There are 2 protein chains.
Amino acid sequence: MTPKWIAADWGTSNARFWAIGGDGSLLGERTSDKGMGTLDATEFEGVLAEVCGDWLDTANTVVACGMVGSRQGWVEAPYQTTPCAVCPAKMVTAPVKRAGLTVHVIPGIRQMEPADVMRGEETQIAGFLAENPGWDGVICMPGTHTKWVHVSADEVISFQTCMSGELFALLTQHSVLRHSIADTGWDDAAFHDAMSQTLSRPEGLAGRLFSIRAAQLVNDTDTVTLRARVSGLLIGAELAATKPYWLGRDIALVGADAVSMPYVAGLKAQGVTVVRADAKDMTLAGIKAAHALLET
Amino acid sequence: MTPKWIAADWGTSNARFWAIGGDGSLLGERTSDKGMGTLDATEFEGVLAEVCGDWLDTANTVVACGMVGSRQGWVEAPYQTTPCAVCPAKMVTAPVKRAGLTVHVIPGIRQMEPADVMRGEETQIAGFLAENPGWDGVICMPGTHTKWVHVSADEVISFQTCMSGELFALLTQHSVLRHSIADTGWDDAAFHDAMSQTLSRPEGLAGRLFSIRAAQLVNDTDTVTLRARVSGLLIGAELAATKPYWLGRDIALVGADAVSMPYVAGLKAQGVTVVRADAKDMTLAGIKAAHALLET
């Protein structure tokens, strides 16, 4: 079978491409490190041809999500505004030179108050809904910028982004705490203890971070323990901030295992059960749902 | 008049030296960028001779505070443990080759639970107490790592370090928010609005940081406004964390103007009046108080 169209998840740092057959079957998958952050608007088509040139012999349509649709991307796909349909209807076509090729870009979603934005996650949500029709609840997508998204009646009602992932990276790699934190390893008890502290008393976060450093100097606390403690403090604070999202709701966690683990542990400790789904699978399912819209 | 002794504030990044006459008068002041972080234990004496060689013709005593007394410094001056006397009695002498020279290093203070440490600030506290005998209350020392210190009956009772200064630097210079935050400038209303939010609802901090980025993308909010908003969110969270320190207490703020400003504004908005003192002046006064102990 030959590729009929190409699905693309084109983010800031990386891009992933899938070749799809006429019957929807997956024929191939390729990645590139030519993310949006390294490209001018005029350079995207060249990267596509470079990575997927042979697929383009038969595929004449590309459907892409992610930062490729930002103002600094290939073409700006203006945000939809909440509340809005999950499945992206307002795709934008990117300028291309190759005859017969059409590139559709899925728009992100914005929220006016409190201000928030997503680009790429809306496609994972569409994929999750495609595989779980009629699902109602909150989808949590852990990552550098974790999204908590309230979905109801196939609409994104509201969402909230938390930067705990980026804060963890900054604190463990660039702050004074880096001297006291192991690069890898985990301590479940320390994680849960710290998480309980900031979840029950979120006002303590600002005061508890430096004590990570002090605990090593004063008590010679193990650096693996301190790594789990930083994670716990941040996840506890995030769960305190997002309580209106997860309390008493069905929760779906869409993300890779490593980044999802502290969220699963934290929510489980609060008595919340979550269903899991893989982020890459949901992205592809969402792009397929968007492609299906083109054919109707 | 010739220098009788030398006062030194030797931190991680910089060092400052003062020549003091026999009657306690200040005869000169010099700085160096040879901070503790760049020196091996054996190199401190050479830097002292390089920067203050002529003073050492007549001065035979040095009294130093700061990271010079850490494990990685010239000589480790073991922490005193709270509660402890403000004026440092347990100075340690550093190894020197020069005949007739004695170098005294002021110890830092540690707290076992919650774990916390200071090195250098104890000397500013001693200076403030020397100039304000019998003072009882909380001394706040704004900086990269702000210290809140409860002082009573000439003792340090307890203290709390907050990393808001370092977090502000990380967020504005290294996080995704850097794209949305001006390098300088201030917006008083935005600062107070954000500070009120996290002071009254500290659990919101984790969710409000990313909205700084989103506010620029969605509402095109001015980057100077967003700079003040980040500061307000962090100071509000710190004031929530340190409420037991400042509520209903006399507060002394020891710090430079730029770094003290948001704390003064924040505390004032809570109806707290503060007295101010300059950090450099308090350091020198504290070293003088330590030197006076040597002569008794």
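Mentor: A definition first: two strands pair if DSSP finds at least two bridges between them, strands being DSSP runs of E of at least two residues and helices runs of H or I of at least four, all numbered from the N terminus. Keep in mind that this is a predicted model, in which local features need pLDDT of at least 70 and side-chain atom pairs count only at pLDDT 80 or more, while totals for chains, interfaces and linings use all residues. Residues are numbered from 1 along each chain as its sequence is written, with chains lettered from A and ligands numbered from 1 in the order in which they are written.

Trainee: OK, chain B then. In what order do the six strands of its open sheet run?

Mentor: The order is β3-β2-β1-β4-β8-β7 in chain B, and the pairing is mixed. The edges are β3 (26-32) and β7 (92-93) of chain B, each of which pairs on one side only.

Trainee: And how does β7(B) pair with β8(B), parallel or antiparallel?

Mentor: Antiparallel, over two bridges, with β8(B) covering residues 102-105, and within that pair Val92(B) stands opposite Val105(B). Helix α10 of chain B packs on this sheet and touches β1 (5-10), β2 (15-20), β4 (61-65) and β8 of chain B, where touching means that C-beta atoms, placed from the backbone, lie within 7 Å. The direction of α10(B) makes about 130° with that of β4(B).

Trainee: How do α2(B) and α10(B) cross?

Mentor: The axes of α2(B), residues 121-131, and α10(B), residues 279-294, come within 6 Å and cross at roughly 85°. That makes the two helices roughly perpendicular, a label for angles of 65 to 115 degrees, whereas angles under 35 count as roughly parallel, over 145 as roughly antiparallel and the rest as oblique. Axes here are lines fitted to C-alpha atoms, for helices over the stretch in contact, and angles run from 0 to 180 degrees between N-to-C directions.

Trainee: Which residues of α2(B) and α10(B) meet?

Mentor: Among them are Ile125(B) and Phe128(B) in α2(B), and Met282(B), Leu284(B) and Ile287(B) in α10(B). The residues of this contact divide into 11 nonpolar, five polar and one charged, with Ala, Val, Leu, Ile, Met, Phe, Trp, Tyr, Cys and Pro counted as nonpolar, Asp, Glu, Lys and Arg as charged, and the others, Gly among them, as polar.

Trainee: Switching to chain A: which strands are in its open sheet of six?

Mentor: They are β6-β13-β12-β11-β14-β15 in chain A, in that order and with mixed pairing. At the edges stand β6 (84-85) and β15 of chain A, each with a single partner strand, so one side of each has no neighbour in the sheet. Further in, β12(A) and β13(A) run antiparallel and are joined by seven bridges, with Val149(A) opposite Phe159(A) in β13(A). Helix α8 of chain A packs on the sheet, touching β11, β14 and β15 of chain A, and its direction makes about 165° with that of β14(A).

Trainee: What about β14(A), are its faces covered or open?

Mentor: Both are covered: in this strand, residues 251-254, Ile251(A) and Leu253(A) on one side and Ala252(A) and Val254(A) on the other are all buried. Buried means that 20 or more other C-beta atoms lie within 10 Å of the residue's own, exposed that 12 or fewer do, and partly exposed covers what is in between, with C-beta atoms placed from the backbone. β14(A) pairs in the parallel sense with β11(A), residues 137-141, over three bridges, and also with β15(A), residues 274-277, over four. Val138(A) stands opposite Ile251(A), while Ala252(A) faces Val275(A) and Val254(A) faces Ala277(A).

Trainee: Last one, how many residues of each chain are in contact?

Mentor: There are 36 residues of chain B in contact with 36 of chain A. The helix α6(B) gives the most to the chain B side, with seven residues, and that side divides into 20 nonpolar, 11 polar and five charged residues. On chain A, the buried residues of α3(A) include Phe168(A) and Leu171(A), and the buried residues of that helix pack against elements of chain A together with α3 and α5 of chain B.

Key. Contact = placed C-beta atoms within 7 Å.
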